[in-house]
Amino acid sequence: MADNAPAAQLVEEFAFYADLDVVMVGPGPFGQRAIATITGGELTGERLKGALVGAGADWSLIGPDGYLRVDVRTTLRTLDGAHIYFQYSGFIEVTPAFVALNRGENVSTDFGDQYFFTSLRLETGDERYSWVNHTMFLGQGRLLSGPRVDYRVYRVTNAPEQ
């Protein structure tokens, strides 16, 4: 690897939230299973804007190591009518605030209060947004009462922004 090669850069691309309806399935052979149906949500960014629509959920698993494994699939309908499939996975650290939220308490976390990162893959057949098909995204999240998850999402690039 060349010493002068540019380091990867994170560029803020969009933010979104998802409202959830959580069902605790219970303990199983791989940990505590929960299914969080996405009941609504909105995405805002310079290049992407729209609403989360249709079927969408997080089939999460809380392991004995104190981390929830995120496994989400949902669909964005942009303001101009395109559909973009979202699939993402990642980790949420189970903190006291996380536990309190799951008990229904009115608490929230802020970005950075816990380890909460996801890797997003987007795909679409709409040419106007084909750039998402070959872009890597990293999300940082926080938990809000409701329950709601709130994300800021970064595009990974190898060139400094102009």
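The model is predicted.

Start with strand 8, which covers residues 148-157. It is mostly covered, with seven of its ten residues buried. Strand 8 has strand 1 as a partner, and the two pair in the antiparallel sense over ten bridges. Strand 1 spans residues 9-28.

Strand 7 holds residues 137-144, and eight bridges link it to strand 8 in an antiparallel run. Here L138 has Y154 of strand 8 as its bridge partner. The hairpin of strand 7 and strand 8 has three residues between the strands. In that hairpin, G146 takes a positive phi near 145 degrees.

Now turn to charge. Side chains of opposite charge can pair when their charged atoms come close. The whole structure holds eleven salt bridges. One of them joins the side chains of R155 and E13, at 2.7 Å from N to O. This pair links distant parts of the chain: R155 sits in strand 8 and E13 in strand 1, 142 residues apart. R155 and E13 are both buried. They also belong to a network of salt bridges that includes R47.

Another salt bridge joins D150 and R142, with the closest N and O atoms 2.7 Å apart. D150 has a relative accessible area of 13%, so it is buried. R142 has 22%, so it is partly exposed. The cut-off explains the labels: buried means under 20%.

The side chains of R69 and D65 form a salt bridge too, at 2.8 Å from N to O. R69 counts as partly exposed because its relative accessibility is 31%. D65 is also partly exposed, at 44%.

Next comes the surface. L10, M136 and V156 make a nonpolar surface patch of about 280 Å². L10 lies in strand 1. Its relative accessible area is 47%, so L10 is partly exposed.

Finish at Q114. This residue is in the loop between helix 1 (96-102) and strand 6 (116-123). Is Q114 buried or exposed? Q114 is buried, because its relative accessible area is 6%. Its side chain makes a polar contact with the side chain of T109, at 3.3 Å. Leaving aside residues up to four places away in sequence, Q114 touches I92, E93, T95, F98, T109 and L143.

Terms used
Residues are numbered from 1 along each chain as its sequence is written. This is a predicted model: local features need pLDDT of at least 70, side-chain atom pairs count only at pLDDT 80 or more; totals for chains, interfaces and linings use all residues. Side-chain values use heavy atoms; hydrogens and water are left out. Helices (H or I, at least four residues) and strands (E, at least two) are DSSP runs, numbered from the N terminus. Buried means under 20% relative accessible area, exposed over 50%, partly exposed in between (1.4 Å probe, protein chains only). A polar contact is a pair of N or O atoms within 3.5 Å; within protein, one must be able to donate a hydrogen and the other to accept it, and residues adjacent in sequence count only if both atoms are side-chain atoms. Contact means heavy atoms within 4.5 Å. Patches are made of residues with over 30% relative accessible area and no salt bridge: like charges are joined within 9 Å, nonpolar side chains (Val, Leu, Ile, Met, Phe, Trp, Tyr) within 5 Å. Accessible areas come from the Shrake-Rupley method with a 1.4 Å probe; for residues, only the protein chains shown count as cover. A salt bridge is a side-chain nitrogen of Lys or Arg within 4 Å of a carboxyl oxygen of Asp or Glu. Two strands pair if DSSP finds at least two bridges between them.
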